[in-house]
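Here are my notes on this one, point by point. Have the viewer open while you read.

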Amino acid sequence: MLMQGQARLEELFRGAGYFAQHRAFGDELEQLARAVRELRRRALEIRTTPVRRLLERLPRVAFDLGRELGKRVRVELAGEEVEVDRAVLDHLDDALLHLVRNAIDHGLETEAERSAAGKDPVGLLRLGATRVAGRLHLRIDEDGRGIDVEKVRRRAVDRGLVLPMVAEDLPAERIRELIFEPGLSTKDEVTDVSGRGVGLDVVKRQVEALGGAITVESQTGKGTTFLLDLPSMVTLQRVLVLQVGGARVALPILASEAVLSAVEAAVEHAGVDSFFMFKDEPLPLVDLAQRLQLPAVAPGAGCVVVLEARGFKLGVLVERVLDDLEVFVRETPEPLTEMTHLGGVAILRDGAPVFLLEIGSLVENFP
């Protein structure tokens with residue numbers, strides 16, 4: 001459709017008088033704009049899906065686990081119709097599953113315990129989704145026993161996460177955040193369900209890898225709520241993760257053609273310029289550490305990533321290639337947008353953000 005519109009525009013310019021041409025040109029532009037809007041709408045429909053797809057299996061998980069642990073559970077869902085990027089949901093499955101299992105195992109009391117506490121013997125688990133300012137908010141809350149803050153405080157001290165004198169002064173909300181630390185659990189026994197603190201730290205990393213955040217609220221005897229604040233749309237990109245001057249950066253993998261050791265690349269220097277051999281052809285070499293003002297690679301060490309962008313082929317010298325993976329990419333933060341060599345921020349599997357380099361800028365600024 002767009003190609004046909006372009007052809008009609010060219011025909012109008014060639015064959016019409018000025019005023020007729022001007023009017024017809026405007027009409028054609030309007031048709032093209034409508035076509036683009038329609039394409040965007042269809043693309044969005046393909047890319048998004050209701051949160052229902054993520055939530056609908058969780059009640060069954062809660063019922064089955066409750067039965068296994070001798071607990072009765074009522075599950076309420078809300079906001080299943082909220083539309084969100086499929087990629088976001090695909091990467092939340094394990095995190096949500098763990099939070100539900102955590103709520104049933106750690107949060108809700110047994111029927112006898114709830115009756116003794118004057119509560120409904122059937123525990124309540126709510127799973128809800130809302131859109132707030134273009135972001136997805138997921139809420140998982142239960143009306144169980146609440147987090148034992150003093151127990152978390154003692155476990156944190158025992159595991160050396162905080163000094164005793166510091167732990168004494170930390171407020172309850174700061175202590176509750178420690179449940180996201182690796183290996184910290186208030187469970188006295190390791191079980192197949194809860195493990196020992198394995199899980200919430202992973203959940204936090206998964207959420208942060210999506211560009212989101214997770215917080216917890218809790219009241220003794222009244223229950224616990226986990227709140228996930230997530231982007232409703234994300235950009236996925238396959239990248240090479242590189243080590244340069246001790247730091248990690250990423251490059252779009254589509255731009256890379258090969259990776260050679262520095263020895264294999266037969267790097268040579270001529271004045272301030274460097275070259276290497278690739279398929280019997282000498283190509284210019286950029287020392288990425290020098291370009292980014294990081295500690296240089298030792299002579300003869302490192303490797304060369306061969307890149308092609310805008311019809312120009314070159315190599316970049318780095319310490320080593322660490323990984324090749326698909327990551328979420330966020331826009332470069334506002335204070336750094338003027339740095340043209342930054343193409344965004346890639347979130348790695350461990351939740352760490354690294355800068356995604358813009359290959360075109362490297363080529364343009366090549367001396």
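**Notes on helix packing, sheet and cores**

1. Keep in mind that this is a predicted model. Let's begin with a helix pair: H6 (residues 93-107) packs against H11 (residues 200-209) with an angle of about 145° and axes 9 Å apart. The crossing of H6 and H11 is left-handed. On the H6 side the contact uses Asp 94, Ala 95, His 98, Leu 99 and Asn 102, and these meet Leu 200, Val 203 and Gln 206 of H11. By type, the residues in the contact of H6 with H11 come out as four nonpolar, three polar and one charged.

2. From H4 you get Leu 58, Val 61, Ala 62, Leu 65, Gly 66 and Leu 69, and from H6 you get Leu 96, Leu 97, Val 100, Arg 101, Ile 104 and Asp 105. The contact of H4 with H6 divides into nine nonpolar residues, one polar and two charged.

3. Now the sheet. It is open, has five strands in the order E2-E4-E5-E7-E6, and its pairing is mixed. Strand E2 (73-78) and strand E6 (213-219) are the edges; each has a single partner strand, so one side of each is left without a neighbour in the sheet. From one strand to the next the twist averages 15°.

4. At the E2 end, six bridges tie E2 to strand E4 (residues 123-132), and the two run parallel. If you want a pair to click on, Leu 77 has Leu 127 of E4 as its bridge partner. H6 packs on this sheet, where it touches E2, E4, strand E5 (135-142), E6 and strand E7 (223-231), and its direction makes about 20° with that of E5. H11 packs on the sheet too, touching E6 and E7, with its direction at about 135° to that of E6.

5. Which residues touch the most other members of the largest nonpolar core? They are Leu 92, Leu 125, Leu 136, Leu 138, Phe 226 and Leu 228, out of 51 residues in that core. H6 gives the most to this core, with six residues. In soluble globular proteins, nonpolar side chains tend to be buried together.

6. Leaving aside neighbours within four places in sequence, its contacts include Val 51, Val 82, Val 84, Val 88 and Ala 129. The list for Leu 136 also has Thr 130, Leu 228, Asp 229, Leu 230, Pro 231 and Ser 232.

7. Strand E8 (residues 235-244) and strand E9 (residues 247-252) run antiparallel and are joined by six bridges. E8 and E9 form a hairpin with two residues between them, and Gly 245 in the turn has a positive phi of about 55°.

8. Finally, E9 is also joined to strand E18 (residues 353-357), by two bridges, and this pair runs parallel. Ala 250 stands opposite Leu 356 in E18.

How values were computed:
Residues are numbered from 1 along each chain as its sequence is written. This is a predicted model: local features need pLDDT of at least 70, side-chain atom pairs count only at pLDDT 80 or more; totals for chains, interfaces and linings use all residues. Side-chain values use heavy atoms; hydrogens and water are left out. Two strands pair if DSSP finds at least two bridges between them. Helices (H or I, at least four residues) and strands (E, at least two) are DSSP runs, numbered from the N terminus. Axes are lines fitted to C-alpha atoms, for helices over the stretch in contact, and angles run from 0 to 180 degrees between N-to-C directions. A crossing is left-handed if the near helix is turned anticlockwise from the far one by less than a right angle, and right-handed if clockwise. Contact means heavy atoms within 4.5 Å. Ala, Val, Leu, Ile, Met, Phe, Trp, Tyr, Cys and Pro count as nonpolar, Asp, Glu, Lys and Arg as charged, and the others, Gly among them, as polar. A nonpolar core is a set of buried Ala, Val, Leu, Ile, Met, Phe, Trp, Tyr and Cys residues joined through side-chain atoms within 4.5 Å. Buried means under 20% relative accessible area, exposed over 50%, partly exposed in between (1.4 Å probe, protein chains only).
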